[in-house]
Amino acid sequence: MAKKNNGKVVNGSIFFTDKEEPESFSISNQFAEHLEFTLVKDRITVTKDDAYYALSLAVRDRMVRRWLRTQREYHIKDPKRVYYLSLEYLMGRLLGNALINLDYYEECRELLKKDGYNLEEIKEYEHDMGLGNGGLGRLAACYLDSMATLQLPAFGYGIRYEYGIFAQEIENGYQVEYADYWLKNGNPWDILRRSLQYRVKFYGRVEKKVYPDGTYYFDWVDTDDVLAVAYDVPVPGYKVKNVNNLRLWQAKAVSDFEFSEFNRGDYVEAVAKKNDSETISKVLYPNDTYVEGKFLRLKQQYFFVSATLQDIIRKFKINHDNWEDFPEKVCIQLNDTHPVVAIPELMRILIDQERLGWEKAWYITTRTFAYTNHTVVPEALEEWNEKIFGELLPRHLQIVYEINRRFLEDVKKNYSADEAVLEKLSIISSGPEKRVRMANLAIVGTFAVNGVAELHTHILKTRIFPDFNKIYPKKFLCVTNGITPRRWIRAANPELSKLITSKIGEEWVRDLSQLKQIENFVDDAAFRKKWREVKMHNRRLLIDYIKNENNIDVNPDSIFDVQVKRFHEYKRQLLNVLHVITLYNRIKDNPKIKMVPRTVIFGGKAAPAYYAAKMVIKLINSVADVVNNDPDVGDKLKVVFLKNYSVTLAEKIIPASDLSEQISVAGLEASGTGNMKFAANGALTIGTMDGANIEIREEVGEENIFIFGLLAEEVVELKAKGYNPRKYYESNPSLKRVIDMIASNYFNPKEPGIFNDMINGLMNVDYYCVFADYQSYIDTQDKVAQEFLNQEEWTKKSIYNVARIGKFSSDRAVSEYAKKIWNVKPVKLNNGNSNHD
Ligand code: GPU
């Protein structure tokens, strides 16, 4: 097959991609070669970090041919492809996972051992690829794994931030943020595509140009340009030959800018100023479920979208010259509204560059894009100030106006002319400050809008976008989130994996519904004992970690009661703290009290500017100081805040947990995915009827989960009739005592008053119904403790949780996307027959 190669003449026979592997291709050889030739080290200068780096390169080498073959196969077969567009990917570490997916972990470990290296130890030198905030970014990473495993012709696109999520330190109990330059030791996984660069335009103005025949078009001119360069990360599927691609864009100054614009004497300044454009991909915005409306963020979004669409269209044009084929060949999934500017961008390309008329361009656009909504939290709904939007993207603003004009025309004709209804539906908000509503644009410009759990989808349809749902009744659907069993069970919990595999074989790793078979062993006392031993093994690893990090001695027989996730008021870490203080009071009232020992573990980052969330972190650490140092408490209760929660830390914490805290106020956690990870590792959930908790309960059975609190409708009703948190405070002595203690600086004698805002907020507003759910939560926690006493019964429940978690595999979620939305089918690779390729 002939392929343009930019005029370079290279003898094709030198490439190994089409051949068997040479004899010399062993991991030991590659590893040694990279140590010597790539890193230029010898036995004296080699460090463990070098070992990590060289091993990763060796493992990457093993993927390269599959990677090339996969991309070539997609090119030759030319199936419909799906492009997953996300501003965030929380990949975590890649080495261990790559080895597992290549089915090479054990063999590699043994080979390294012969050379005197310890794989487990080497792995620890990898820095997390933390290019995301929380659930949304981690979901994207799980979906990449599943898309590759399901052999889908899928491509991830994102931004290669130089600084990913910040590093969190705790100083005097407060969160302090440090920049995390994750690339400081280099990154063995991504490769720079030196020739793949696109120009991205900003600012400028729109010129109307008239053809001789009187027709006209619009030209976007006098722009300030930036280059996007591609870095590719391999995404290997589990035990398949497909290796998909994640393409991350980095901003680079254009190199051919006009010096004539500048005074010759300003040469250095002119060059330096051009480097400003590289700030576009400098840093990830550290907000989760919150938008800041910053100019640079819009720049990032457009930068990302422009480069990605140019790349998608380039690939399309290799095989096609008819634009009508575009929606048959391309599906673009928008991960929340962050990349929604892709809709007017595709319109601009089709109209202004490809000269397709509006109707045709719109037909193509609305059949290409699909949008996933990830939250109903109002402060997360993106709206761009029209002036900002128009300054940066003048042509796009025009297009958005025209989309809106036509849409509202249609609505008036076919649905309603009621001004109030039109205002709600409008893509541009009215009022003194006009804003572009990205969610409205997303709904109008796509063929599918999905929520991420049943309840969330129901709330989208009935409460957030009811009129849209009436206008487009078939557009809204649900795809409940999922997690990848490879990382979250097989890699994170090797002991549990071994135990499960010893009973049912290994097929569960790619078909999680197979776990159902372990139900057959619930009544096997020996199996249950082994199950507990696995948990104890994992707990001991975490105990060591806690001892090292926090210097706290943890009772291995205590309930490991864990809440790890981003800090947000709606997630109610505060409710958890109130429970801790309640337990503390019981101990203080009766130091001899017999109670089930607990270790309450917290982890998570707060957005740097989110004061209320940061004060909850401070409260946890203040309470921990008092509780952990009170001799009356002993090992009955410990409070642990683990700093710098990350994917890697999650992999240590979750397998060691007994109790999973999923306690958001009902209606606000779109899905949650931590809930799934814990249950899959045998922790029982204490949770509200929110997000995917509801579906987890449905699967594992109500006797195997602890549900409490107001239902989503009850929260709405309570607020409608006027919620008065003070009433709960006044009528509940235990709650009153806890609140009074915080208010009286019991936990912070040296910094009086620091929790006043928190207490006032709770007493007067309590927007997230902490007081309303307090008693129900305490009662349910008491039930948890009671049931934990009966270890045999608890173990059965733990087994049922794992056995019935199959639905929450990201393989299930991704195949639903593929069938219900993308209409994309697997491409099985069968060329290349060496088992070493
Ligand atoms: N989510 Br919007 C984020 O992590 N960040 C965001 O900016 C937005 C949503 C989360 C939801 O809060 C969580 O409930 C969900 O499980 C996750 O997205 C993945 O869908």
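Asparagine 172 is found in the loop between strand S5 (167-171) and strand S6 (174-178). Its phi is near 55°, a positive value in a residue other than glycine. Asparagine 172 counts as exposed, because it has 10 C-beta neighbours inside 10 Å. The model in view is predicted.

Aspartate 103 also has a positive phi, near 60°, and is not a glycine. Aspartate 103 sits in the loop between helix H3 (95-101) and helix H4 (105-114). With 14 other C-beta atoms within 10 Å, aspartate 103 is partly exposed.

**Domains and ligand**

The protein divides into domain 1 (27-64 + 103-125), domain 2 (78-93 + 128-480) and domain 3 (485-710 + 770-806). The C-alpha centres of domain 1 and domain 3 are 35 Å apart.

Which domains each give at least three residues to the shell around the ligand? They are domain 2 (78-93 + 128-480) and domain 3 (485-710 + 770-806). There are 19 residues around the ligand. Gly135, Leu136, His374, Thr375 and Ser671 come nearest. By type, the shell holds five nonpolar, 11 polar and three charged residues.

Isoleucine 483 lies in the loop between strand S17 (476-478) and helix H18 (485-491). Is isoleucine 483 buried or exposed? It is buried, because 29 C-beta neighbours fall inside 10 Å. Leaving out residues up to four places away in sequence, isoleucine 483 touches Cys142, Trp488, Thr673, Met676, Lys677, Ala680, Phe808 and Ser810. Glycine 674 is 191 residues away along the chain from isoleucine 483, yet their C-alpha atoms are separated by 8.7 Å.

Lysine 677 belongs to helix H24 (residues 674-680). An unreviewed UniProt entry lists Lys677 for "modified residue: N6-(pyridoxal phosphate)lysine". Lysine 677 counts as buried, since it has 29 C-beta neighbours inside 10 Å. Beyond residues up to four places away in sequence, lysine 677 touches Ile483, Trp488 and Ile654.

| Residue | C-beta neighbours within 10 Å | Class |
|---|---|---|
| Asparagine 172 | 10 C-beta neighbours | exposed |
| Isoleucine 483 | 29 C-beta neighbours | buried |
| Lysine 677 | 29 C-beta neighbours | buried |

**Strands**

An open sheet has six strands in the order S20-S19-S18-S21-S22-S23, with parallel pairing. Strand S20 (637-642) and strand S23 (706-707) stand at the edges, each with a single partner strand, so one side of each has no neighbour in the sheet. Inside this order, strand S18 (residues 559-564) and strand S21 (residues 659-662) run parallel and are joined by two bridges. Valine 562 has serine 660 in S21 as its bridge partner.

Strand S13 (residues 369-372) is covered on both faces. Phe369 and Tyr371 lie on one side, Ala370 and Thr372 on the other, and all are buried. Which strands pair with S13? Strand S12 (residues 330-335) runs parallel to S13 and is joined to it by four bridges. Here asparagine 335 has threonine 372 of S13 as its bridge partner. Strand S16 (residues 448-451) pairs with S13 in the parallel sense over three bridges. Tyrosine 371 is bridged to valine 449 in S16.

Definitions and conventions
Residues are numbered from 1 along each chain as its sequence is written. This is a predicted model: local features need pLDDT of at least 70, side-chain atom pairs count only at pLDDT 80 or more; totals for chains, interfaces and linings use all residues. A residue is near a molecule or strand if its C-beta atom, placed from the backbone, lies within 6 Å of it. Ala, Val, Leu, Ile, Met, Phe, Trp, Tyr, Cys and Pro count as nonpolar, Asp, Glu, Lys and Arg as charged, and the others, Gly among them, as polar. Domain bounds come from an automatic or database domain assignment. A residue is buried if 20 or more other C-beta atoms lie within 10 Å of its own, exposed if 12 or fewer, and partly exposed in between; C-beta atoms are placed from the backbone. Two residues are in contact if their C-beta atoms, placed from the backbone, lie within 7 Å. UniProt positions are given in the numbering used here, feature names are shortened, and annotations may be inferred rather than shown by experiment. Two strands pair if DSSP finds at least two bridges between them.
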